[in-house]
Amino acid sequence: MAKPLSFPEDIFEQEMGQGMRPETEAELAEIIRVANGPFVVRGGGTRSVGACEGAVLETGGLSGVVLYEPGALTLVAGAGTPLAQVEAQLAAEGQRLPFEVPDMRGLLGCSGESTLGGVVAANASGPRRVQAGACRDSLIGVRFVDGAGTVIKNGGRVMKNVTGYDLVKLMAGSWGTLGVLSEVSFKLLPVPETGATLILRGLSDAQAVQAMASALGSPFEVNGAAHWPGEGTFLRIEGFAASVAYRAAQLRRHLAAFGALEIEEGTARWAGIRDVTPFHGRNGDVWRISVKPSDAPGLVARMRADAVLYDWGGGLIWALAEPGTDLRAALGAFEGHATRVRGAGPGAFQPESPGVAALTRGLRAKFDPRGILNSGLMGA
Amino acid sequence: MEMPAPNSLVLSAKPQIVARLRKVLPPDAVIEDAAETRAYECDALTAYRCPPLAVVLPRTTDEVSAVLRICHEEGVPVVPRGSGTSLAGGALPTADCVILGVARMTAVLETDYDNRFIRVQSGRTNLSVTGAVESDGFFYAPDPSSQLACAIAGNIAMNSGGAHCLKYGVTTNNLLGVTLVQMDGTVLEIGGAHMDAGGLDLLGVICGSEGQLGVVTEATLRILPKPEGARPVLVGFDSNEVAGECVSDIIKAGVLPVAIEFMDRPCIEATEAFAKAGYPDCEALLIIEVEGSAAEIDEQLALIKTIALRHNPVEFREAADEDQAKRIWLGRKSAFGAMGQINDYMCLDGTIPVSSLPYVLRRIAEMSKEIGLDVANVFHAGDGNMHPLILFDANKPGDLERCEALGADILRLCVEVGGCLTGEHGVGIEKRDLMGVQFAPDDLEAQLWVKDVFDPRWLLNPAKVFPLAVTASRRAA
């Protein structure tokens with residue numbers, strides 16, 4: 001029998017004003033259980049996409065590292081734990097989150113403190129995604145509260161786990177529509193000793209995507225491949241010093257057909273690619289388009305954006321377009337999806353095929369039967 | 001092992017069901033004769049057997065869709081089957097089910113090196129996926145030890161792993177898209193050659209759902225460029241604890257081997273008697289493999305050597321050439337065969353946090369002594385995926401029962417220290433009734449919702465994964 005919870009007086013009063021900020025998972029569950037209106041679920045509010053209405057429900061109070069075992073490459077932390085705090089703690093042990101979390105504040109023009117739960121809800125993954133996988137690939141466990149106020153756990157703190165259905169993956173990138181995350185667990189990787197950035201200049205978009213494909217298809221472990229039209233085509237390698245030097249030399253030979261390869265020490269440049277700094281301070285809608293890499297140049301030609309940045313070897317296109325442009329109309333049918341990450345109006349998320357949309361609706365109705373979690377987000 | 005009583009209505013409708021299946025499939029693709037269906041009565045968990053009502057072996061997605069539509073209309077349970085290598089009973093039939101085997105769906109549909117993927121029919125074997133791309137310098141990373149025989153369909157159903165997961169991940173990390181046929185025959189494309197999901201990550205929950213959400217007929221798989229080379233070292237220790245500490249120190253030092261395999265004394269002795277690999281006489285040994293160019297391998301192995309020597313190993317053995325490298329792997333690769341020579345065995349698959357390794361090994365040794373059955377341990381130490389082998393004699397009354405009891409106790413121990421029941425084999429029927437050890441009722445209920453949505457009538461592989469009592473009302477509906 002669950003004990004009745006007592007809350008500080010102001011927890012429910014906040015519903016009328018700024019929002020609610022539970023300090024424990026049990027409080028979070030109780031708030032949702034007794035709710036009579038919709039919630040806008042928020043971590044740090046630094047990577048919101050699309051809009052929905054309701055009382056703000058913040059997870060920032062569910063903060064703190066629960067377990068960090070460097071020798072097991074494992075971290076467990078409250079969903080509201082600030083990303084920056086975790087990154088600092090990992091760096092002190094020479095480790096990191098493998099998927100290179102983008103900082104979207106500059107692009108979205110917002111401030112605030114990114115949280116781990118928000119990172120998971122957005123499946124936020126940077127340039128290293130091409131080699132190390134996305135956030136969902138490093139996420140090994142979750143605890144969350146569903147739309148009825150029930151606490152649910154899935155996965156755990158070990159990296160190989162096939163016990164039951166993988167709801168961990170389902171929660172990654174679900175944008176708070178299936179439940180409110182309270183705790184997340186990650187597999188980590190060591191920070192390499194050093195890194196280098198290899199640069200090709202003057203390539204057309206099509207040539208650049210070919211060069212990136214050639215590099216990513218080589219055994220030299222390229223873990224970043226981006227193209228900034230007009231600026232250059234960038235490849236990243238990381239590892240022990242001698243290995244980085246060896247692979248840089250090999251790649252110079254491997255990519256000789258694409259021109260002279262400049263070798264830049266270090267990887268500082270990649271934060272800018274990760275955070276899409278070329279678009280910072282510029283007006284317009286921002287789109288994020290996930291495609292088969294070799295389709296990218298053709299799609300870019302069709303979309304007539306004001307500016308683009310290719311990441312993931314061409315598999316991810318960032319596009320800056322006139323406000324209100326429906327970029328999907330210009331793209332036509334293509335394999336992949338387009339999300340408007342900045343800009344007003346409905347339709348931020350790509351509409352799904354009828355069969356897939358039916359499954360999505362079914363899952364949301366099960367996990368959030370009253371439709372109170374980020375209702376209206378993700379096209380449902 | 002309890003299985004649900006077969007539906008008598010389905011049993012008595014067999015002639016009609018078979019006739020309808022014959023209308024949508026070629027003559028050789030429907031098997032109903034009792035002598036022939038017997039070949040499908042079990043998978044690699046051979047202790048449990050039951051011939052199915054019928055077996056179908058379709059060749060295309062359209063045929064799979066037609067079969068499922070008929071079974072849906074007739075209310076017939078369907079058990080999907082890859083190559084039947086499940087160690088968990090994932091493909092075990094019930095008497096009222098149709099086995100849907102994908103063994104004839106083996107085609108490579110598309111190979112794309114620029115975008116680094118291959119699209120195959122799901123009956124293709126794991127190793128032959130690599131076989132299709134290796135002459136061009138690529139490979140498919142997940143490498144379950146049954147890879148010569150096991151099908152991609154089964155790999156996706158169980159989210160299979162292998163020895164090289166530490167670096168390359170498991171099936172779910174290497175799967176880009178599937179063609180999924182739902183129980184009512186609806187064909188869906190989920191994912192594809194692009195890298196991530198536009199909406200909910202349905203692919204993520206389909207992978208590892210043990211054939212309960214739909215039948216995967218085609219898969220888009222990530223392929224990777226082959227490393228320039230790989231080389232193992234062997235390190236022997238005089239205690240399990242020290243070997244465990246060495247693993248932890250290597251990982252902390254920032255080296256990321258592609259594999260760290262661990263064998264304990266009972267396992268070393270058994271494989272030595274069988275394969276004569278020349279392993280040292282010691283309590284625990286590690287096989288650590290790294291990849292890269294020759295110089296990169298030298299650098300990583302030098303670092304590993306420095307760390308290992310700090311732990312006073314009984315032996316640190318390097319491979320000067322390909323032949324010596326093979327000898328290092330020889331014992332490990334023949335471990336299961338060696339065990340089979342001396343005994344019947346049950347292979348467990350729990351995962352534990354790497355830090356609990358010494359404690360768990362000590363407890364397993366104590367439990368083994370108490371119950372009077374030997375346990376040999378061989379496992380993927382880098383990721384904590386254990387494979388304790390419990391040795392027993394199937395001809396000795398009571399031995400199997402004692403073995404099952406010890407197995408359950410060991411898996412409970414894995415959960416107790418923060419791990420899980422199964423790291424790569426799947427739940428199937430084998431660990432079905434232990435699910436309550438790892439999950440609270442609400443945790444299980446949330447998983448059942450997913451099946452409710454994908455397969456509302458609960459006809460796909462319905463008696464697996466979850467305790468029968470938990471799913472009874474849904475299966476009966």
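Q: Is B:V360 buried or exposed in this predicted model?
A: Let's start with the cut-off: buried means under 20% relative accessible area. B:V360, found in helix α14 of chain B, has a relative accessible area of 0%. B:V360 is therefore buried.

Q: Which residues is B:V360 in contact with, leaving aside its neighbours within four places in sequence?
A: Contact here asks for heavy atoms within 4.5 Å. With neighbours within four places in sequence left aside, the partners of B:V360 are B:I352, B:M386, B:L413 and B:V417.

Q: What is the distance in space between B:V360 and B:P462, C-alpha to C-alpha?
A: Along the sequence, B:V360 and B:P462 are 102 residues apart. In space, their C-alpha atoms are separated by 33 Å.

Q: How are α2(B) and α4(B) oriented to each other?
A: Helix α2 (residues 14–24) and helix α4 (residues 61–74) of chain B have their axes 10 Å apart and pack at an angle of about 160°. Angles over 145 degrees count as roughly antiparallel. The two helices, α2(B) and α4(B), are therefore roughly antiparallel.

Q: Which residues of α4(B) make the contact with α2(B)?
A: On the α2(B) side, the contact is made by B:Q16, B:I17, B:R20, B:L21 and B:V24. On the α4(B) side, they are B:E63, B:A66, B:V67, B:I70, B:E73 and B:E74.

Definitions and conventions
Residues numbered from 1 in each chain as written. Chains lettered and ligands numbered in written order. Predicted model: local features only at pLDDT ≥ 70, side-chain atom pairs only at ≥ 80, totals over all residues. Heavy atoms only, no water. Axes fitted to C-alpha atoms, helices over the stretch in contact; angles between N-to-C directions. Helix = DSSP H or I, 4+ residues; strand = E, 2+ residues; numbered from the N terminus. Parallel < 35°, antiparallel > 145°, perpendicular 65-115°, else oblique. Buried < 20%, exposed > 50% of the residue type's maximum accessible area, 1.4 Å probe, protein only.
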